[in-house]
Amino acid sequence: MLAARSCFALAALGLAFLAFGATAFAGNPAPSPIERTFTGLLNEERSQRGLAPVEISPALTEISDDYIAENEAAGSFDHARDEPYTDRAFAAGCSKWLGPVLASGYPTARDTLDAWLSSSGHRAVLLDPEITHVGPGFGPDQRLMYGMPCEPTAQNTSGDFGDPNAGESIVAPGDPGDPGGPVDPAATVVEVVSTKARRLIAQVRVTVTGGAAAVRLIAERKGRTVRGEPQFLAVGAKAQRLKLALPRKGRWDLTLAVGDEERALGSVRARP
């Protein structure tokens, strides 16, 4: 996706959450239409893979909304903010260190889900066979989800498994936090550090200085196109090297796809 960013954290993989008290923000335990749309779409994806559906947890949804409110008040997201919110999830009867997953700038529930499913770390949370409950949090710019095994309690049991057709409104018009219009994706800036070919491998080093994005390398030569797998790059990360195997020698024109946009990089000459 384009002008968007995505990040996650897991215990063993490296996951994360910061610290305001439970009453710092007033989260809503009832899911918004876009949060119900997201959960319904997620359950469709889980069903296609033979996985049980997940139920919307009022407790996790309220926690996610609180977390989103803090992040948006700070104008950034950072897994260093995870801990107190995850502690609240455990206190609500949930277990296992799964989530939260975070993203920013994706305009729809489908866009957000596709972005997370395209990243192995995020996908591991969304498609974990053990999770029973999710807490989606969708703010005007940021999106967040907790996916955890939870005890069936009054705090967690809603009987709501989402609706993929519930709608895309972040909040109802006139509600506190109404963004007053469509969400504008945050600008993504991908800087190209170097472009070269090493034998039959095209290599491009890039870094993200604004937003974050799914990027992929594309090579074209005499009507033939080769596309690399998309990779998620987070803002502030070290320069990443994108590699693409070329099927034959010669001059190839390279393009960097940043979400739905394509940016010409020039050409490289590949040798066997």
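Biologist: Which residues does C94 touch, not counting residues up to four places away in sequence?

Modeller: This is a predicted model, so read every contact as a feature of that model. Contact here means heavy atoms within 4.5 Å. By that test C94 touches L60, A89, M148, P149, C150 and N156.

Biologist: Where is C94 found?

Modeller: C94 sits in a loop, the one between helix 3 (82-91) and strand 3 (98-104).

Biologist: Is C94 buried or exposed?

Modeller: Look at the relative accessible area. Under 20% means buried. C94 has 5%, so C94 is buried.

Biologist: How far apart are C94 and I131, in sequence and in space?

Modeller: Keep the two distances separate. Along the sequence, C94 and I131 are 37 residues apart. In space, their C-alpha atoms are 9.5 Å apart.

Biologist: Now S64. Where does S64 lie, and what is S64 in contact with?

Modeller: S64 belongs to helix 2, residues 58-74. Set aside neighbours within four places in sequence. Then S64 is in contact with G135, P136, G137, L144 and Y146. S64 has a relative accessible area of 0%, so S64 is buried.

Biologist: Can we try a strand residue? Which residues is V268 in contact with?

Modeller: V268 lies in strand 13, which covers residues 261-270. Again leave out neighbours within four places in sequence. V268 is then in contact with T195, K196, A197, G250, R251, W252 and L254. Take L254 from that list. V268 and L254 are 14 residues apart along the chain, and their C-alpha atoms are separated by 7.4 Å. V268 has a relative accessible area of 6%, so V268 is buried.

Biologist: Let us step back. How many helices and strands does the protein have?

Modeller: Five helices and 13 strands. The protein has 272 residues, and buried residues make up 47% of them. The accessible surface comes to about 12,300 Å². Carbon and sulfur atoms account for 50% of that surface.

Biologist: How do I read burial for a whole helix? Why is helix 4 called largely enclosed?

Modeller: Count its buried residues. Helix 4 runs over residues 109-117, and seven of its nine residues are buried, so helix 4 is largely enclosed by the rest of the structure. The buried ones are A109, D111, T112, L113, A115, W116 and L117.

Biologist: Next, charges. How many salt bridges does a search of the whole structure find?

Modeller: First the general idea. Side chains of opposite charge can pair when their charged atoms come close. In this structure the search finds eight salt bridges.

Biologist: Which parts does the bridge between D66 and R88 tie together?

Modeller: The closest N and O atoms of D66 and R88 are 2.8 Å apart. D66 lies in helix 2 and R88 in helix 3, so the pair ties together parts that are 22 residues apart in sequence. D66 is at 2% relative accessibility, so D66 counts as buried.

Biologist: Where do R81 and E70 lie, the pair that meets in another salt bridge?

Modeller: Their N to O distance is 3.5 Å. R81 is in the loop between helix 2 and helix 3, and E70 is in helix 2, eleven residues apart. R81 is buried, with a relative accessible area of 10%. E70 is buried too, with 2%.

Biologist: Which residues do salt bridges that share partners join into one network?

Modeller: E45, R49, R110 and D114. E45 counts as buried, at 12% relative accessibility. R49 counts as partly exposed, at 43%.

Biologist: Last feature, the surface. Which residues gather in a patch of positive charge?

Modeller: K196, R198, R199, R241 and K243 gather there. Strand 6 (189-198) and strand 11 (240-245) are the elements that give two or more residues to the patch.

Biologist: Take K243. Is K243 buried or exposed?

Modeller: K243 has its place in strand 11. Over 50% relative accessible area means exposed. K243 is at 54%, so K243 counts as exposed.

Notes:
Residues numbered from 1 in each chain as written. Predicted model: local features only at pLDDT ≥ 70, side-chain atom pairs only at ≥ 80, totals over all residues. Heavy atoms only, no water. Patch = residues over 30% accessible without salt bridge, like charges linked within 9 Å, V, L, I, M, F, W, Y side chains within 5 Å. Areas by Shrake-Rupley, 256 points an atom, 1.4 Å probe, with all protein chains shown as cover. Salt bridge = Lys/Arg side-chain N within 4 Å of Asp/Glu carboxyl O. Lys, Arg positive; Asp, Glu negative; His and termini not counted. Charge placed at Lys NZ, Arg CZ, Asp CG, Glu CD. Helix = DSSP H or I, 4+ residues; strand = E, 2+ residues; numbered from the N terminus. Buried < 20%, exposed > 50% of the residue type's maximum accessible area, 1.4 Å probe, protein only.
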